[in-house]
Amino acid sequence: MFHNMESVTNVMEYEILAKKRLPKMIYDYYASGAEDQWTLQENRNAFSKILFRPRILVDVSNIDTTTSVLGYKISMPIMVAPTAMQKMAHPEGECATARATSAAGTIMTLSSWGTSSVEEVASTGPGIRFFQLYVYKDRNVVMQLVKRAERAGFKAIALTVDTPRLGRREADIKNRFVLPPNLSLKNFEGLDLGKIDKTDDSGLASYVAGQVDQSLSWKTSSFFWSIAFNDFPSLTCLARLAVESGAAGIIVSNHGARQLDYAPATVMALEEVVKAVQGRLPVFLDGGIRRGTDVFKALALGASGVFIGRPVVFSLAVDGEAGVRKVLQMLHDEFELTMALSGCLSIKEISRSHITTPWDPLRITPRL
């Protein structure tokens, strides 16, 4: 390693280092958003519109960042989002991420399009893990994947519902993105769905067009809840879907701004979703989290936790397992500091009154 790990002081710096290290096609695949990338910028910028109203002169000598997600106790409300093809970033790929996430005491979500299989990830040791599922046209493939994830000890399914077709990611089209020849989508090996072929377009876009079910709807999604609840009592279904479908949770996400450009920033959509579920389900936020302050803001708006995607692949590219561990540690430490400076001793003390947003009703300060 040519850089000094100690010199990395925040999450954003890993992206700069990763850009220097990774081949252009791979960096672009991880970094880019759809079309004009407006939503990509907005996922970040939106956080800067939310400001703090800290409580001071509170005894903050003991701060507890622990929380529970779907009944599993974790060290902090910061979890690892599903990101595809991590061996493009580092030879140990998803296995390194799994070890780092376990060491941090939190939850990892493995992508359907991982370059390591559910079994390989499970073999890294104990840990609470979720499996992200794309719905393939071939329902037998889906059933097999869910069964394998459950056998490998995965605790929940995160069903992705925003990808009937792949978003237009122009860097991938220019680069004619394709999975490097030494890698494959490990969960699909043996199902003849493990390879992404080179095309005149983005190879991944062509793959999705061929394999992923475009007809998935509220009607068909009940098929998944019935698998999850009837066949596998131990699998809780976690979905980017609404309460009526029988989901156990909702992730507010715009797919890292990689699907529909000009969709709002996730943190701007969060409160509306939280109000709609009326406490019947936990709501999680994905997209744009780069600082502990971002985590606090999401929780103040009603999220039960957040997921991080790009920070994981960029830190993995720079320093493997240790990089991912460091990203999780930095976010934990910044979040704990934000709690202290806001006067919150535990997750349950973080409230809407700790922040102010542009859409708050005007507060008239009484004259003393």
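Threonine 97 is buried, at a relative accessible area of 0%; here buried stands for under 20% relative accessible area, exposed for over 50% and partly exposed for what falls in between, using a 1.4 Å probe and protein chains only. Threonine 97 sits in helix H4, which spans residues 93-103. Once its neighbours within four places in sequence are set aside, threonine 97 is in contact with Val80, Gln86, Met108, Val312, Leu316 and Val324, contact being a matter of heavy atoms within 4.5 Å. The model is a predicted one, in which local features need pLDDT of at least 70 and side-chain atom pairs count only at pLDDT 80 or more, while totals for chains, interfaces and linings use all residues. Residues are numbered from 1 along each chain as its sequence is written, and side-chain values use heavy atoms, with hydrogens and water left out.

Stepping back to the chain, there are 12 helices and 12 strands. Both are DSSP runs numbered from the N terminus: H or I with at least four residues for helices, E with at least two for strands. Of the 368 residues in the chain, 55% are buried. Looking at contacts between residues at least 6 apart in sequence, 72% join residues at least 24 apart.

Next comes histidine 255, which carries the UniProt annotation "active site" from an unreviewed entry. Such positions are given in the numbering used here with feature names shortened, and annotations may be inferred rather than shown by experiment. Histidine 255 is placed in the loop between strand S9 (250-252) and H10. Its relative accessibility is 15%, so histidine 255 counts as buried. Not counting residues up to four places away in sequence, histidine 255 touches Tyr134, Thr160, Asp162, Thr163 and Arg169. Its phi is positive, about 65°, although histidine 255 is not a glycine. Most residues other than glycine have a negative phi.

Leucine 57 also has a positive phi, near 55°, and is a residue other than glycine. Leucine 57 belongs to the loop between strand S1 (51-52) and strand S2 (67-69). With a relative accessible area of 88%, leucine 57 is exposed.

Helix H10 covers residues 266-277 and includes valine 277. Valine 277 counts as buried, at 5% relative accessibility. Between valine 277 and isoleucine 250, which are 27 residues apart along the chain, the C-alpha atoms are separated by 9.2 Å.

Then there is the pairing of helix H11 (residues 292-300) with helix H12 (residues 310-342), whose axes come within 7 Å and cross at roughly 60°. Axes are lines fitted to C-alpha atoms, for helices over the stretch in contact, and angles run from 0 to 180 degrees between N-to-C directions. H11 and H12 are therefore oblique to each other, given that angles under 35 degrees count as roughly parallel, over 145 as roughly antiparallel, 65 to 115 as roughly perpendicular and the rest as oblique. On the H11 side, Gly292, Thr293, Val295, Phe296 and Leu299 meet Leu331, Glu334, Phe335, Thr338, Met339 and Ser342 of H12.
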